Amino acid sequence: MAELYPIDSVLEKLTAFENPIHRMLLATAGTLQSQLSAYFRYPVSINVIHQEVTAHGPPITIQRKTELLTQSLVVCRANTQITTIRDIVERLIMEKKLGLGQIMTYLGVNSKFRLLDVGSDDSSFWRTYKLDGEGICYRISEIFSRELY
């Protein structure tokens with residue numbers, strides 16, 4: 001689990017959100033796969049739509065687009081920029097066998113979560129956050145459909 005930056009800064013960003021489920025999803029430190037599986041009562045899997053190495057570095061930069069799915073239903077869409085100085089991270093990501101949080105756990109990397117931005121409109125709500133640790137930084141933007149939550 002990622003270490004959360006000061007909770008006061010997270011809560012301050014969430015003042016406009018009345019729905020407690022929205023606040024929970026936006027404030028969760030790191031990936032949501034387990035929480036979404038519990039919410040929908042079915043396993044949530046990750047479908048990698050596209051990923052490519054955009055800089056061979058150092059540092060190495062990878063752009064990645066994914067969907068979180070349960071029962072063929074898209075429950076979240078994510079765009080991620082991965083920056084790393086560790087070749088093994090690039091290899092593990094390109095293999096598509098482990099999730100981003102799982103890679104940090106596999107490598108024994110303690111991570112820190114920083115909520116950068118949140119927002120909403122009539123049909124969706126979203127967050128952008130950073131998850132970083134020794135030699136790895138993920139910048140992730142996630143979009144959720146209001147009708148599901």
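Predicted model: local features only at pLDDT ≥ 70, side-chain atom pairs only at ≥ 80, totals over all residues.
Close-up 1. Residues are numbered from 1 along each chain as its sequence is written, and side-chain values use heavy atoms, with hydrogens and water left out. Helices (H or I, at least four residues) and strands (E, at least two) are DSSP runs, numbered from the N terminus.

**Close-up 2. Helix α3 has L36, S37 and F40 as buried residues.** Seen down the axis of α3, the buried residues fall within an arc of 105°, so they line one face of the helix; the arc is taken over the directions from the helix axis to the C-beta atoms. Buried here means under 20% relative accessible area, exposed means over 50%, and partly exposed is in between (1.4 Å probe, protein chains only). The cover over the buried residues of α3 includes α2, β3 (60–70) and β4 (73–84).

**Close-up 3. T28 sits in the loop between α2 (20–27) and α3 (33–40).** T28 counts as buried because its relative accessibility is 10%. A polar atom of the T28 side chain lies 2.7 Å from the backbone oxygen of M24. Skip the neighbours within four places in sequence, and T28 is in contact with Q35, F113 and R127, where contact means heavy atoms within 4.5 Å. L115 is 87 residues from T28 in sequence, yet their C-alpha atoms are 9.2 Å apart in space.

**Close-up 4. N79 has its place in strand β4.** With 37% relative accessibility, N79 counts as partly exposed. Beyond its neighbours within four places in sequence, N79 is in contact with R64, K65, R139, I140 and S141. The C-alpha atoms of N79 and S141 are 5.3 Å apart, although the two residues are 62 residues apart along the chain.

**Close-up 5. F144 is among the residues with the most contacts inside the largest nonpolar core.** That core has 38 residues, and L36, V75, Y138 and Y149 are also among those with the most contacts inside it. A nonpolar core is a set of buried Ala, Val, Leu, Ile, Met, Phe, Trp, Tyr and Cys residues joined through side-chain atoms within 4.5 Å. Leaving aside neighbours within four places in sequence, F144 is in contact with L25, L26, L32, V75, C76, S123, S124, F125, W126 and Y149.

Terms used
Polar contact = N/O pair within 3.5 Å; in protein donor to acceptor, adjacent residues only side chain to side chain.
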